[in-house]
Amino acid sequence: MISPLGTTLTQHIVGEQRLHPEAKGDFTNLMQGIVTAAKIISKTVRRAGLVDIMGMAGSQNIYGEDVQKLDLYSDKAIVNVMNYTGQLGAMASEENDDLIHIPDEYPHIGKYVLAFDPLDGSSNICANATIGTIFSVHKRITTEGRATEEDFLQIGRKQVCAGYVVYGSSTLLVYTTGHGVHGFTLDPSVGEFLLSHPNMRIPTRGTVYSANEGNFEYWDKKDQELVRYFKTLDKETGRPYSLRYIGTLVADFHRNLLTGGLFMYPADNKKSSNTRGKLRLLFEAAPLAMIAEQAGGGATDGRENILDITPEQIHQKVPLYIGSKEDVDLATRFISGQN
Ligand code: FBP
C-alpha cells in the first residue's frame, strides 16, 4: 500500500536493494548519507541570503577558478556526513586537489568510492539562480586497505549509481542505479524526498539547445556549424531550435531531460585550460551521461560515448554534448565531420 505521503526516497532505495538479493544494505546506507547531505545543503541554500555563506572564499581550486563560500560549505557537508557511513574507501571532490581519505576513527575501507561536484553552477550563487550537486558511485577494484586513484579512474559505464540535486524552485534529487531514472522532490514540512518523477524518459528529439555562445568565436568550425544549424528553420517543426542557457549544468540538463534538447560545452581556444572543454569527466560528464542514457538519451565528447572514456586523471576535463538521442547523434555527425 502506497503511504499517504507517496513513496519516499528511502523506501525507493530499499526497493532497489531488493532487486539485488545478495545485497547487505551497504549501498542503501551510502545513499542515505547522500540524501542527508542534500537536505543539509538545501537548508543552507534556502537561507543563503540570511547567513554569511554568499560570496568568495578567497581561494582558487585546481582549475584556477575562484572558490565560493557555498562551494566549501557544501564540500564539507558531504564529507562530514559520508565519513560516517563506513561504506567508502575514499572520496574525490571537484573542490579538492587530492583524494579525500576517511579519518582513522571511522571505518575507512568500504567497498565503494564517491566522486562529487559539491556545488554546481557556482557563478549563479550570488544571482540566487538555480544551483546543484552531482554525485557518482563506483565499486572499488582495489581490495586491500584504503582506496586509491585506480578506484576512481574507471569508465563511466561501471558506475553503480549516479545522480544530482537541483536547488531551484524546489529541491529535487534525481538518481539512477541502472534501473531507470527517478526524481524525488523534498517536502520541507516532512523533511522527506517524495517520488515526483518516476521513470523519467527524455524525448528522442528536442527543440532546445543550451550553450554559452559567448565562446562562439573560440569554438572549432564544426561546433559553430552545429549551432548555426540549430538556428535554421527545421524542416519538421518549421522553427529554429530555441536557445536556453541557465549557466548551471544540472539545471540546463534537468530542463532538457524533461522537455528534450541538447546541452553542449565544447572545447575552445579562449584559454589553454579549455582545450578539452571546461567540464569535468568524473564529477560532471560521466554521472549525467549515465542518467541521460538510462532515460533514453545519450552523451558524447564529439567522438566517443562519454560512458566509454577511460579517465586518466581525477580532474580530467572533457567536451560535452548531452541530451536527446537524435540531437546527440546530430552533434556527433557534425563534430566528426560526417554531416
Ligand atoms: P562548477 O560551478 O561546478 O564549477 O561548474 C561548472 C559550470 O558552472 C557549469 O555548471 C555550467 O554549465 C558552466 O560551468 C558554465 O560555464 P560558463 O560560465 O563558461 O558558461
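Modeller: A polar contact here is a pair of N or O atoms within 3.5 Å. This is a predicted model, where local features need pLDDT of at least 70, side-chain atom pairs count only at pLDDT 80 or more, and totals for chains, interfaces and linings use all residues. Residues are numbered from 1 along each chain as its sequence is written, and side-chain values use heavy atoms, without hydrogens and water.

Biologist: Which side chain has an N or O atom 2.6 Å from a ligand oxygen?

Modeller: That of Y245. In the side chain of E284, an N or O atom is 3.2 Å from an oxygen atom of the ligand.

Biologist: And what does L249 use, backbone or side chain?

Modeller: Backbone: an N or O atom there lies 2.8 Å from a ligand oxygen.

Biologist: How much of the ligand does the protein bury?

Modeller: 89% of the 470 Å² that the ligand exposes when taken alone (Shrake-Rupley accessible area, 1.4 Å probe).

Biologist: How many residues surround the ligand?

Modeller: 18, with D120, G121, Y245, L249 and Y265 the closest. To be near, a residue needs a heavy atom within 4 Å.

Biologist: Which strand gives the largest share of that shell?

Modeller: β4, with three residues; strands are DSSP E runs of at least two residues, numbered from the N terminus. β4 spans 112-120, and β12 (262-265) also supplies at least two shell residues.

Conventions: A polar contact is a pair of N or O atoms within 3.5 Å; within protein, one must be able to donate a hydrogen and the other to accept it, and residues adjacent in sequence count only if both atoms are side-chain atoms. Helices (H or I, at least four residues) and strands (E, at least two) are DSSP runs, numbered from the N terminus.
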